[in-house]
Amino acid sequence: QHISIAPDPGEGDRIKQYCLKNGLSTNYTFIAESSAKALPSLITTIPSLDFVFIDGAHRYPFAEIDYHFTEQKLKVGGYMVIDDVHMPSVKQLYRFLKKEKNL
């Protein structure tokens, strides 16, 4: 199961069309909302996550918000990918995670 969150409702349609055109499964949930608004309630309905890809708003503190709500559900052995670590607001999260001993 795949869940994608983005504020642009047209993005969900573009993803579905791409999947259909390329013979990929369209069994996914698209939430047209900011992850800062969607994740607090969504995460309570999800037992665990295998993979998290953080590529949301690049303003502070949005990467940290996405991390905060998803890391608690990430399975041991799961993967978290953080995009755009060269950007100052995202780099702050990246630097924190590199130093964190409990990860």
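How many nonpolar, polar and charged residues are in the lining of the largest pocket?

1. Ground rules. This is a predicted model, with local features needing pLDDT of at least 70 and side-chain atom pairs counting only at pLDDT 80 or more, while totals for chains, interfaces and linings use all residues. Numbering runs from 1 along each chain as its sequence is written, and side-chain values use heavy atoms, leaving out hydrogens and water.

2. The largest pocket holds about 890 Å³ of space. (A pocket is an open set of points on a 1 Å grid over the protein atoms alone, with protein on both sides within 12 Å along at least five of seven lines; lining residues have an atom within 4 Å of a point.) Its lining counts 28 residues, and Ile3, Ser4, Ile5, Val52 and Phe53 are the closest to its centre. Strand E3 gives the most, 6 residues. (Strands are DSSP E runs of at least two residues, helices H or I runs of at least four, numbered from the N terminus.)

3. So, the opening question: that lining has 15 nonpolar, 8 polar and 5 charged residues. (Ala, Val, Leu, Ile, Met, Phe, Trp, Tyr, Cys and Pro count as nonpolar, Asp, Glu, Lys and Arg as charged, and the others, Gly among them, as polar.)

4. Helix H1 (residues 9-21) checks out: at 1.5 Å a residue its 13 residues should span 18 Å, and its end C-alpha atoms are 19 Å apart, which agrees. (The expected span is 1.5 Å times one less than the number of residues.) At the start of H1, a side-chain oxygen of Asp8 comes within 2.9 Å of the backbone nitrogen of Gly10. Just after H1, Gly23 has a positive phi of about 70°.

Conventions. Polar contact = N/O pair within 3.5 Å; in protein donor to acceptor, adjacent residues only side chain to side chain. 1 Å grid on protein atoms, 1.4 Å probe; cavity = no way out; pocket = protein on both sides within 12 Å on 5 of 7 lines; lining within 4 Å. Points joined across faces, edges and corners; volume = space filled by probe spheres on them.
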